[in-house]
Amino acid sequence: MIWFLGVISPCFNANIINFLYPFQKQLYSTVCHQNILKSFTCNDKFFFVCARCTGIYAGAVISAFIVALNSKFFVVKTSHLITLSIPMLLDVVLLIFNTYNYNHFLSTITGLLFGSIVFLYILSAIENLLFSNQKNKNGH
């Protein structure tokens, strides 16, 4: 959540945000190309990541809230990961081959799908690892 708040921090109108802007821009450059033509703007400042990455982080945050509200143990299969990754992969490939022009909305939606499932997949893998280690310690 903190990482995502940093992504959208240009929307907050505070002096501290303006002071931290160069540092944040450098920090987020490690995870995104930061092409301003592919980024959202707010308060005349560009987001620190592109629309697709904004969608990825938003998807992870939404998934985290859903998991927090529903604490049941769940398993996300690799097939789920592949299925929800395909739209983003197609979007990227079609853009590379100039099949269509970049679309902020479409890139955000495909990023949202990918970010949601990646978060759930990683969380599921961690839960499986923790519970399997716990079973091994108990001798089951």
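**Figure 1. Arg 52 forms a salt bridge with Asp 91, with 2.5 Å between the closest N and O atoms.** Arg 52 is part of helix α3 and Asp 91 of helix α4 (residues 78-96), so the pair ties together parts that are 39 residues apart in sequence. A salt bridge here is a side-chain nitrogen of Lys or Arg within 4 Å of a carboxyl oxygen of Asp or Glu. By this rule the count comes to one salt bridge. Side chains of opposite charge can pair when their charged atoms come close. Arg 52 and Asp 91 are both buried; buried means under 20% relative accessible area, exposed over 50%, and partly exposed in between (1.4 Å probe, protein chains only). The model is predicted: local features need pLDDT of at least 70, side-chain atom pairs count only at pLDDT 80 or more, and totals for chains, interfaces and linings use all residues. Residues are numbered from 1 along each chain as its sequence is written, and side-chain values use heavy atoms, with hydrogens and water left out.

**Figure 2. Thr 110 of helix α5 is in contact with both Arg 52 and Asp 91.** Contact means heavy atoms within 4.5 Å. Leaving aside neighbours within four places in sequence, Thr 110 also contacts Pro 87 and Met 88. Thr 110 counts as buried, at 4% relative accessibility.

**Figure 3. Helix α3 covers residues 51-69.** Helices (H or I, at least four residues) and strands (E, at least two) are DSSP runs, numbered from the N terminus. Helix α3 has 19 residues and reaches 27 Å from its first C-alpha to its last. That is close to the 27 Å expected at 1.5 Å a residue, where the expected span is 1.5 Å times one less than the number of residues. Buried residues in α3 include Ala 51, Arg 52, Cys 53, Gly 55, Tyr 57, Val 61 and Val 67.

**Figure 4. Ile 117 is placed in helix α5 (residues 104-137).** Ile 117 is buried, with a relative accessible area of 6%. Ile 117 and Thr 83 are 34 residues apart in sequence, and their C-alpha atoms are 9.4 Å apart in space.

**Figure 5. Gln 34 sits in the loop between α2 and β1 (41-42).** A polar atom of the Gln 34 side chain lies 2.7 Å from the backbone oxygen of Phe 48. Gln 34 is buried, with a relative accessible area of 13%. Apart from residues up to four places away in sequence, Gln 34 touches Lys 25, Tyr 28, Ser 29, Ser 39 and Phe 48.

**Figure 6. Trp 3, Phe 19, Leu 20, Phe 23, Leu 27 and Val 31 make a nonpolar surface patch of about 570 Å².** Patches are made of residues with over 30% relative accessible area and no salt bridge; like charges are joined within 9 Å, and nonpolar side chains (Val, Leu, Ile, Met, Phe, Trp, Tyr) within 5 Å. Areas come from the Shrake-Rupley method with a 1.4 Å probe; for residues, only the protein chains shown count as cover. Helix α2 (residues 15-28) gives the most to this patch, with four residues. Phe 23 lies in helix α2 and is exposed, with a relative accessible area of 55%.

Terms used. Polar contact = N/O pair within 3.5 Å; in protein donor to acceptor, adjacent residues only side chain to side chain.
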